[in-house]
Amino acid sequence: MPFFHVLVCPALAPFFFSEISATRTQSGGTPATVKIFNAQSNPEMRGFGTLTFAVPGMNAALAGMGEKQDFMVSIERQEVFRMSWRDGAAARDALRSCIGQN
């Protein structure tokens, strides 16, 4: 099962691995409340955590990759991560080739 990892701001870094709720907002979609796993990051990165989003399978992960995409995550109404990408179709096609799902 593929996962997506995100560094979290120090104020929301966890002491223990736990499941929490977050709001995910993506291009062209409405904000969605999702369950994610929140864990401590690498010990060398003190004060930061890692958010892990479970994806039902590679088909779902690939289907979610658009040509251009904006992606934002907030926890307790505080934005903790924002990114965007372009050329997503080329990346999606390359991943499909790697895993043999042409």
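These questions and answers walk through a predicted model of one protein chain.

Me: In what order do the helices and strands of the protein run from the N terminus on?
Reply: The protein has two helices and six strands. Reading from the N terminus, the order is β-β-β-β-α-β-β-α.

Me: Where in the protein is confidence lowest, and where is it highest?
Reply: The mean pLDDT of the protein is 80, and 81% of its residues reach 70 or more. Where pLDDT is low, the predicted coordinates should not be read in detail. Strand S1 (residues 3-8) has the lowest confidence, at a mean of 52. The highest, at 90, belongs to S2.

Me: Is strand S5 largely enclosed or largely open?
Reply: S5 covers residues 69-75. Buried means under 20% relative accessible area. Six of the seven residues of S5 are buried, so the rest of the structure leaves this strand largely enclosed.

Me: How many bridges join S5 to strand S6?
Reply: S5 pairs with strand S2 (residues 18-26) in the antiparallel sense, over four bridges. S5 and S6 (residues 78-85) also run antiparallel. The number of bridges joining S5 to S6 is seven.

Me: Which residue in S6 is the bridge partner of Phe-71?
Reply: Phe-71 of S5 is the bridge partner of Gln-26. Gln-69 has its bridge partner in S6, Trp-85. For Phe-71, the bridge partner in S6 is Met-83.

Me: Is the Phe-53 and Phe-71 pair stacked, tilted or edge-to-face?
Reply: The count of aromatic pairs comes to one. Planes over 60 degrees apart count as edge-to-face. The ring centres of Phe-53 and Phe-71 are 6.2 Å apart and the planes stand at 75°, so the pair is edge-to-face.

Me: How many residues apart in the chain are Phe-53 and Phe-71?
Reply: Both residues are buried. Phe-53 sits in strand S4 (residues 49-54) and Phe-71 in strand S5. The pair links distant parts of the chain, with a separation of 18 residues.

Me: How far apart in space are the C-alpha atoms of Thr-23 and Ser-74?
Reply: Thr-23 lies in strand S2. Beyond four places in sequence, its contacts include Met-72, Val-73 and Ser-74. Thr-23 and Ser-74 are 51 residues apart in sequence. In space, C-alpha to C-alpha, they are 5.2 Å apart.

Me: Is Thr-23 buried, partly exposed or exposed?
Reply: Buried means under 20% relative accessible area, and exposed means over 50%. Thr-23 has 25% relative accessibility, so this residue counts as partly exposed.  Pro-31, Ala-32 and Thr-33 are also among its contacts. The class of Thr-23 is therefore partly exposed.

Me: What phi does Glu-76 take in the hairpin of S5 and S6?
Reply: The hairpin has two residues between its strands. Arg-77 is found in that loop too. Its phi is positive, near 65°. Glu-76 takes a positive phi near 50°.

Me: What is the relative accessible area of Arg-77?
Reply: Exposed means over 50%. Arg-77, in the loop between S5 and S6, counts as exposed. Its relative accessible area is 85%.

Me: What is the relative accessibility of Asp-87?
Reply: Asp-87 lies in the loop between S6 and helix H2 (88-99). Its phi is positive, near 60°. Asp-87 counts as partly exposed, at 42%.

Me: What percentage of the residues of the protein count as buried?
Reply: The protein exposes about 6,800 Å², and carbon and sulfur atoms supply 55% of that area. The chain has 102 residues. The buried share is 31%.

Definitions and conventions
Residues numbered from 1 in each chain as written. Predicted model: local features only at pLDDT ≥ 70, side-chain atom pairs only at ≥ 80, totals over all residues. Heavy atoms only, no water. Buried < 20%, exposed > 50% of the residue type's maximum accessible area, 1.4 Å probe, protein only. Pairing = 2+ DSSP bridges. Contact = heavy atoms within 4.5 Å. Phe/Tyr/Trp six-rings, centres within 6.5 Å; stacked < 30°, edge-to-face > 60°. pLDDT = per-residue confidence, 0-100. Areas by Shrake-Rupley, 256 points an atom, 1.4 Å probe, with all protein chains shown as cover.
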